[in-house]
Each structure stands twice: as C-alpha cells, then as structure tokens.
Amino acid sequence: MSEGYTILSLDEVEHVPHRGSNLIPVRHTLGFEPAGVNAWIADTGGQLIPPHEEDSGNEELYAVVRGRATFAVGEESADAPAGSLVYVPPEVHRTATAEEDGTIVFAVGGTVGKPFNAGGWDSFAVADAYRQSGRLDEGRAIMEQLIAAKPGYWAVHYNAGCYEALGGDKDAAFVHLRHARELDSEGHAAPYFLEDVDLDPLRDDPRFQEFLA
Amino acid sequence: MNIVHIDELEEIELGDGFVWRPVRRHFDILAFGTNAYTPGATGRVVEEHTERRFEHQEMYLVLRGRVLFTVDGDEHELGTGQLVFVRDPSIRRGAVALTDDAAVLAVGGKPGAAHEVSAWEYEFVAFPHLRAGRYDEAERLLYEALDAKPGNGSVLYNLACVEALAGKHDAAIDHLSAAVDAEPQLAELAQTDEDFVSIRDDPRFPAAP
C-alpha cells in the first residue's frame, strides 16, 4: 500500500473515553484535514454523542454506521437505525444514545466559510485518556506533536495547558496557557478560561487571575 | 429534526451506472463536502477518478454492505465500518459494490481552504433531466448553478449543451463562447460533442484551439 492512502476499520481504532462517551478518534488517527471526522461507539443505553452545542457557523452531520440510536436535537427526539443521516445546525443542543450493543455513529463537522482548522480536542481526548491510564509520556508526546504542527495556533497551546493542569504540573500548564493567550488575538479562549473544568486544578493558584482579566 | 435514511435520499443515476445520493445538497450543508453512493446498473459506487484538479483529500466510509475498492492499483474488499482515506489527490481510486445493499459515504475537501460547493453537484442534478429531454428543468438547474458559480466554464458549457438541444441557438452560442473564454480547452471538446450538432455550422461556433 502506498503512503498516499490508508485503509482503516473503525473497530480497530483504540476507543478513548470523552465526556461520558467513547470516542473513536478517526481524524487524530488519520490526519484528515478538510473537516473534523470522528466516530462514537456505545452499547445499549450508553451515550454516543456528548451533549453539546456547536459554535456559530459549525455544521455537523451524523451517520449511523451500525446498530440503532436515539437522537435528541433541540426539543426533538428521533429513532435512527443504521443508514440514518442527521444534520444539526450550529448552536442547537444535540446528543444521541445507543439502542443496540456496538452502535457506531460517524460524525463530520466544519465551519461555514472557513478552512477547517483542527483545534485538536480529539487529540487532546486521546492524550488525556493516556494520562489517566498512566501513559503520561505518550499523552505528552501527542500534545508536543500538536504544538510542533501548529506552533502559532492558540488552541493547541491551550489544550497542552489543560493536559498539564490535569496532570498536576501547574508550572508547565501556565507556560502553555500564557502562550495560548498571547496567540489568541481575538479572545476566543476567554470563555474557556472562565468555565473549562479542565482548568479547575489551577483556579486556586494566584497565577490564574491573570487569565480572568 | 433534519434526519433522513440513506434509502430515502433522492436517487440520481449517473452516466456510468452508479447512483448519487446528494447528502450535502439534501441538507444544504455548506461547511464541507459529503455525498453518498449506492450501486446502479453497473454496480459502481465510486467513479474511477483522481482529485488532481481540485486537490481534495477524500474519505470513503462503507455505510452498508461490501465494497471492492481499487486504490492506486491495489484492491481492498471492505465492509461496514471500514474506510479508505486518500490523502494524495493524484491517486486514482474507484469502487464497485459486492453486495446489492452497499452504500458508501464520501467526505472531502481541499486542506486549508474553505469549502466551496462543486459545480459538478449542480450538473449531476441537471443531467437526468437533460437525458430525459426535460430541457427547461435542466436549464433552470444550470442557471441555478451559474448563480452559485458565476463564470464557471463547466457550468457554462453544460448550459450551452442544453440550450443547443432545446433549439435556443443564440443562447447556446453565447454560453459556449463564455465557457471557452473561461476554460479554453473546452473548445476542443465542443468540436465532437453531439449536443452541438445543431450549432456547429454557425460561424460564431468557437474554433478548435
């Protein structure tokens, strides 16, 4: 097989826990660049898609690959057997639950009118899963790869700060977060500094006040 | 809720015998390109092609059934939940269904660029009307394409085809000339295109390059 293409089975990718769901980190594994692509897997009654809303301009499409899911989008609920496609516009609350064991939902996302720019939340989820299972060096290596790939992008430094905060290295966390703030000229990170639970280990540290100004 | 089953999507059978399921168009998704394909007369589910022209990365996920992919000359039989990611746009790829129920979801775009709806999507919608002689509807859809893709050579060329077949010779000449201005290589294609039989003797017909 040439290096120009990759064959992948969703069943063979290591799942990682993320916000109560099990992420199959497709984009992180493949390095797909045009859009965000990931998948979620759960057994009966399990959460497939973490409840959330997307920011303004972010469109998402979900495809039920295997099994059966119940989608809740806004105030509506729908049964979605394999082969179903669900489109969710920006700023609408959505989640999905598995109705059969081994249900897989494939997700595609992007921002209207903008190139896809992977902030690396999915890579962060993989790194954080490694951290929680004691594979600290593997997790840190992922964060370092993200920074090396996009040294001028605030979000990768922010996520590296979160990684170190959760891992207990406050000094390293503040170094990354300062880089993130310096690069974030449009203030995208401000709401995250206010609310992101990943930064809770830092909130009692006096140094955190500079990020709330 | 915006939900549809793949079997409920519009079926547009294309020239080489596969069925295009216009996912992006159905939902009016603007952020990324995505479509699905199911087998038609020939069993094909991904046309043999490269993405050199548009420099797209593409991913093909088997949503159902079994599919035989040929990628860069290698054959791979894939089932539900397996995918091919073609990162190199110059690689030739294609696929045929091995089971009647096969369905493939494709996602693609140009890295580092905001997604633009491809002209071929409008053209694919218009082609069945063209083949069935519903020229007014084909023309309407191609004008819709021209609104979305002003000056696009391919759209102008296909609009000229429809108009030539519909007997609107002046409009056909105008649009064909504009198509050739946008993409000079289309003049060569026009010399042998059967759609232009009715206007090829017109002195305004673009000369071969």
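How closely do the axes of helix H3 (residues 135-148) of chain B and helix H4 (residues 153-165) of chain B come, and at what angle do they cross? They come within 9 Å and cross at roughly 160°, where axes are lines fitted to C-alpha atoms, for helices over the stretch in contact, and angles run from 0 to 180 degrees between N-to-C directions.

This is a predicted model, in which local features need pLDDT of at least 70, side-chain atom pairs count only at pLDDT 80 or more, and totals for chains, interfaces and linings use all residues. Residues are numbered from 1 along each chain as its sequence is written, chains are lettered from A and ligands numbered from 1 in the order in which they are written, and side-chain values use heavy atoms, with hydrogens and water left out.

**Helix packing in chain B**

Helices (H or I, at least four residues) and strands (E, at least two) are DSSP runs, numbered from the N terminus. The axes of H4(B) and helix H5 (residues 169-182) of chain B come within 8 Å and cross at roughly 160°, which makes H4(B) roughly antiparallel to H5(B), a term used for angles over 145 degrees. Both pairs are set out below.

| Helix pair | Axes come within | Crossing angle |
|---|---|---|
| H3(B) and H4(B) | 9 Å | roughly 160° |
| H4(B) and H5(B) | 8 Å | roughly 160° |

Contact here means heavy atoms within 4.5 Å. Residues of H3(B) that meet H4(B) include B:Leu142 and B:Leu146, and those on the H4(B) side include B:Leu159 and B:Val162. Where H4(B) meets H5(B), the residues include B:Leu156 and B:Ala160 in H4(B) and B:Ala172 and B:Leu176 in H5(B).

**The interface of the two chains**

In the contact between chains, 45 residues of chain B are in contact with 49 residues of chain A. Chain B and chain A bury about 3,700 Å² between them, 67% of it on carbon and sulfur atoms; buried area is the accessible area (1.4 Å probe) that two parts lose on being put together, summed over both. B:Met1, B:Phe32 and B:Leu83 supply 18% of the area that chain B buries against chain A, more than any other three residues.

**Salt bridges**

A salt bridge is a side-chain nitrogen of Lys or Arg within 4 Å of a carboxyl oxygen of Asp or Glu. One salt bridge joins A:Asp11 to A:Arg66, with the closest N and O atoms 2.9 Å apart. A:Asp11 lies in the loop between strand S1 (5-9) and strand S2 (16-18) of chain A and A:Arg66 in strand S6 (residues 58-66) of chain A, so the pair ties together parts that are 55 residues apart in sequence.

Technical notes
Parallel < 35°, antiparallel > 145°, perpendicular 65-115°, else oblique.
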